[in-house]
Amino acid sequence: IFRRGIALARSDREILLVFAATVLVNGASDAFERLYAKRLVELGLPQAPDPIVWLTALGLVTLVLAAIALRAVEARIDGTGAARRLYAAACAVGVLGLALVAIAPGVRIATAGVLLVGGIAWSVTRCVGVIWVNRRVTSDVRATAHSFLAQAEYAGEIALGLGLGVLAQASGIGVAMAGAAVMVAGAGVLVARSRDDRLTPS
(Lines give C-alpha, C1' and ligand atoms only; values in the text may rest on other atoms or scores of the structure.)
Protein backbone atom coordinates (compact mmCIF):
# COMPACT_ATOMS: atom_id res chain seq x y z
CA ILE A 1 0.00 0.00 0.00
CA PHE A 2 2.84 2.35 0.87
CA ARG A 3 4.55 1.76 -2.48
CA ARG A 4 1.27 2.27 -4.34
CA GLY A 5 0.66 5.49 -2.46
CA ILE A 6 4.14 6.74 -3.36
CA ALA A 7 3.62 5.80 -6.99
CA LEU A 8 0.27 7.57 -7.10
CA ALA A 9 1.64 10.76 -5.56
CA ARG A 10 4.58 10.78 -7.97
CA SER A 11 2.44 10.13 -11.03
CA ASP A 12 -0.47 12.49 -10.24
CA ARG A 13 0.51 16.11 -10.79
CA GLU A 14 -2.58 17.39 -8.99
CA ILE A 15 -1.71 15.54 -5.79
CA LEU A 16 1.86 16.81 -5.93
CA LEU A 17 0.53 20.35 -6.30
CA VAL A 18 -1.72 19.93 -3.29
CA PHE A 19 1.20 18.60 -1.25
CA ALA A 20 3.41 21.52 -2.29
CA ALA A 21 0.67 24.05 -1.57
CA THR A 22 0.08 22.41 1.80
CA VAL A 23 3.74 22.80 2.75
CA LEU A 24 3.60 26.52 1.94
CA VAL A 25 0.25 27.20 3.60
CA ASN A 26 1.09 25.31 6.77
CA GLY A 27 4.45 27.02 7.07
CA ALA A 28 2.66 30.36 6.93
CA SER A 29 -0.09 29.13 9.25
CA ASP A 30 2.31 27.94 11.93
CA ALA A 31 4.11 31.27 12.05
CA PHE A 32 0.86 33.23 11.97
CA GLU A 33 -0.69 31.28 14.86
CA ARG A 34 2.40 31.83 16.99
CA LEU A 35 2.83 35.53 16.23
CA TYR A 36 -0.49 37.23 15.56
CA ALA A 37 -1.37 37.76 19.25
CA LYS A 38 1.93 39.51 19.92
CA ARG A 39 1.41 41.59 16.78
CA LEU A 40 -1.99 42.74 18.03
CA VAL A 41 -0.49 43.65 21.40
CA GLU A 42 2.24 45.62 19.64
CA LEU A 43 -0.39 47.55 17.71
CA GLY A 44 -2.36 48.53 20.79
CA LEU A 45 -4.69 45.73 21.84
CA PRO A 46 -6.69 47.11 24.79
CA GLN A 47 -5.28 46.19 28.17
CA ALA A 48 -8.63 46.38 29.97
CA PRO A 49 -10.08 43.87 30.26
CA ASP A 50 -7.02 41.65 30.07
CA PRO A 51 -5.76 40.99 26.50
CA ILE A 52 -6.60 37.29 26.91
CA VAL A 53 -10.29 38.27 27.00
CA TRP A 54 -9.97 40.11 23.68
CA LEU A 55 -8.01 37.26 22.11
CA THR A 56 -10.57 34.69 23.30
CA ALA A 57 -13.40 36.75 21.84
CA LEU A 58 -11.45 37.05 18.59
CA GLY A 59 -10.97 33.29 18.55
CA LEU A 60 -14.71 32.71 18.98
CA VAL A 61 -15.57 35.11 16.16
CA THR A 62 -12.97 33.37 13.99
CA LEU A 63 -14.66 30.00 14.61
CA VAL A 64 -18.05 31.41 13.63
CA LEU A 65 -16.58 32.90 10.46
CA ALA A 66 -14.89 29.58 9.66
CA ALA A 67 -18.21 27.73 10.05
CA ILE A 68 -19.86 30.14 7.62
CA ALA A 69 -16.99 29.81 5.14
CA LEU A 70 -17.07 26.00 5.26
CA ARG A 71 -20.82 26.00 4.76
CA ALA A 72 -20.26 28.05 1.61
CA VAL A 73 -17.59 25.57 0.50
CA GLU A 74 -19.97 22.68 1.07
CA ALA A 75 -22.47 24.24 -1.32
CA ARG A 76 -19.88 24.83 -4.05
CA ILE A 77 -17.32 22.02 -3.84
CA ASP A 78 -18.94 19.67 -6.37
CA GLY A 79 -17.93 19.82 -10.00
CA THR A 80 -14.79 19.99 -12.07
CA GLY A 81 -12.48 22.81 -11.10
CA ALA A 82 -14.34 23.72 -7.90
CA ALA A 83 -11.55 22.62 -5.57
CA ARG A 84 -8.96 24.58 -7.56
CA ARG A 85 -11.06 27.75 -7.57
CA LEU A 86 -11.96 27.56 -3.89
CA TYR A 87 -8.38 26.85 -2.81
CA ALA A 88 -6.99 29.68 -4.92
CA ALA A 89 -9.66 32.07 -3.63
CA ALA A 90 -8.90 31.12 -0.02
CA CYS A 91 -5.20 31.77 -0.68
CA ALA A 92 -6.06 35.20 -2.08
CA VAL A 93 -8.04 35.98 1.07
CA GLY A 94 -5.11 34.75 3.15
CA VAL A 95 -2.65 36.99 1.32
CA LEU A 96 -4.92 40.00 1.90
CA GLY A 97 -5.34 39.18 5.57
CA LEU A 98 -1.63 38.60 6.17
CA ALA A 99 -0.80 41.83 4.37
CA LEU A 100 -3.21 43.70 6.62
CA VAL A 101 -1.61 42.21 9.72
CA ALA A 102 1.86 43.02 8.36
CA ILE A 103 1.28 46.67 7.47
CA ALA A 104 -1.64 47.67 9.71
CA PRO A 105 -1.16 51.03 11.43
CA GLY A 106 -3.45 50.01 14.25
CA VAL A 107 -5.09 47.08 15.98
CA ARG A 108 -8.47 47.34 14.21
CA ILE A 109 -7.11 46.76 10.73
CA ALA A 110 -4.84 44.01 12.01
CA THR A 111 -7.83 42.34 13.68
CA ALA A 112 -9.70 42.37 10.38
CA GLY A 113 -6.68 40.66 8.82
CA VAL A 114 -6.65 38.01 11.56
CA LEU A 115 -10.31 37.25 10.89
CA LEU A 116 -9.69 36.86 7.16
CA VAL A 117 -6.73 34.57 7.71
CA GLY A 118 -7.97 32.47 10.59
CA GLY A 119 -11.65 32.45 9.73
CA ILE A 120 -11.47 31.89 5.97
CA ALA A 121 -8.03 31.16 4.54
CA TRP A 122 -6.82 28.42 6.89
CA SER A 123 -10.16 26.67 7.32
CA VAL A 124 -10.96 26.58 3.61
CA THR A 125 -7.50 25.54 2.39
CA ARG A 126 -7.31 22.68 4.89
CA CYS A 127 -10.79 21.42 4.09
CA VAL A 128 -10.46 21.72 0.33
CA GLY A 129 -6.99 20.15 0.37
CA VAL A 130 -8.38 17.02 2.02
CA ILE A 131 -11.32 16.88 -0.38
CA TRP A 132 -9.05 17.41 -3.38
CA VAL A 133 -6.79 14.53 -2.43
CA ASN A 134 -9.84 12.37 -1.71
CA ARG A 135 -11.12 12.94 -5.22
CA ARG A 136 -7.93 11.80 -6.85
CA VAL A 137 -7.25 8.54 -5.04
CA THR A 138 -8.92 5.17 -4.88
CA SER A 139 -10.02 3.59 -1.62
CA ASP A 140 -7.07 1.19 -1.42
CA VAL A 141 -4.51 4.02 -1.13
CA ARG A 142 -6.68 6.78 0.35
CA ALA A 143 -5.35 6.40 3.91
CA THR A 144 -1.77 6.40 2.64
CA ALA A 145 -2.36 9.52 0.55
CA HIS A 146 -3.84 11.35 3.53
CA SER A 147 -0.87 10.28 5.63
CA PHE A 148 1.39 11.92 3.06
CA LEU A 149 -0.78 15.03 3.18
CA ALA A 150 -0.32 15.15 6.96
CA GLN A 151 3.44 14.80 6.52
CA ALA A 152 3.37 17.76 4.11
CA GLU A 153 1.60 19.77 6.81
CA TYR A 154 4.24 18.88 9.38
CA ALA A 155 7.08 19.59 6.97
CA GLY A 156 5.73 23.08 6.32
CA GLU A 157 5.28 23.80 10.01
CA ILE A 158 8.75 22.59 10.96
CA ALA A 159 10.82 23.98 8.10
CA LEU A 160 9.02 27.11 6.88
CA GLY A 161 7.33 27.98 10.15
CA LEU A 162 10.69 27.87 11.92
CA GLY A 163 12.20 30.03 9.21
CA LEU A 164 9.50 32.67 9.63
CA GLY A 165 10.01 32.58 13.38
CA VAL A 166 13.69 33.33 12.91
CA LEU A 167 12.77 36.12 10.49
CA ALA A 168 10.38 37.59 13.07
CA GLN A 169 13.15 37.68 15.67
CA ALA A 170 15.60 39.27 13.26
CA SER A 171 13.38 41.75 11.44
CA GLY A 172 10.08 42.01 13.29
CA ILE A 173 6.69 40.35 13.19
CA GLY A 174 5.44 42.56 10.36
CA VAL A 175 8.22 41.31 8.09
CA ALA A 176 7.48 37.70 9.04
CA MET A 177 3.80 38.21 8.23
CA ALA A 178 4.81 39.62 4.85
CA GLY A 179 6.94 36.51 4.29
CA ALA A 180 3.95 34.33 5.20
CA ALA A 181 1.86 36.25 2.68
CA VAL A 182 4.43 35.47 -0.02
CA MET A 183 4.24 31.76 0.84
CA VAL A 184 0.44 31.72 0.64
CA ALA A 185 0.57 33.62 -2.65
CA GLY A 186 2.92 30.93 -3.96
CA ALA A 187 0.47 28.23 -2.92
CA GLY A 188 -2.34 30.08 -4.67
CA VAL A 189 -0.33 30.34 -7.87
CA LEU A 190 0.46 26.62 -7.76
CA VAL A 191 -3.15 25.53 -7.48
CA ALA A 192 -4.41 28.15 -9.91
CA ARG A 193 -2.22 26.57 -12.60
CA SER A 194 -3.65 23.09 -12.04
CA ARG A 195 -6.45 21.52 -14.03
CA ASP A 196 -8.38 19.71 -11.31
CA ASP A 197 -10.17 17.80 -14.06
CA ARG A 198 -10.80 14.43 -12.48
CA LEU A 199 -13.80 13.65 -10.34
CA THR A 200 -14.03 11.22 -7.46
CA PRO A 201 -12.78 7.75 -8.50
CA SER A 202 -15.27 4.92 -8.48
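User: How many aromatic pairs does a search of the whole structure find?

Analyst: Three aromatic pairs turn up. Rings of Phe, Tyr and Trp (its six-membered ring) pair if their centres lie within 6.5 Å. Do keep in mind that this is a predicted model, where local features need pLDDT of at least 70, side-chain atom pairs count only at pLDDT 80 or more, and totals for chains, interfaces and linings use all residues. Residues are numbered from 1 along each chain as its sequence is written, and side-chain values use heavy atoms, with hydrogens and water left out.

User: Why is the pair of Phe32 and Trp122 called edge-to-face?

Analyst: Planes under 30 degrees apart count as stacked, over 60 as edge-to-face and the rest as tilted. The planes of Phe32 and Trp122 stand at 75°, with the ring centres 6.0 Å apart, so the pair is edge-to-face. Phe32 sits in helix α2 (residues 13-42) and Trp122 in helix α5 (residues 107-135), 90 residues apart; such helices are DSSP runs (H or I, at least four residues), numbered from the N terminus.

User: What makes Phe32 buried or exposed?

Analyst: Buried means under 20% relative accessible area, exposed over 50%, partly exposed in between (1.4 Å probe, protein chains only). Phe32 has a relative accessible area of 1%, so Phe32 is buried. Trp122 is also at 1%, and therefore buried.

User: What is the arrangement of the aromatic pair of Tyr87 and Trp132?

Analyst: Tyr87 and Trp132 are edge-to-face too, at 6.2 Å centre to centre and 65° between the planes. The pair joins helix α4 (residues 82-103), which holds Tyr87, to Trp132 in helix α5, 45 residues apart.

Methods
Helices (H or I, at least four residues) and strands (E, at least two) are DSSP runs, numbered from the N terminus.
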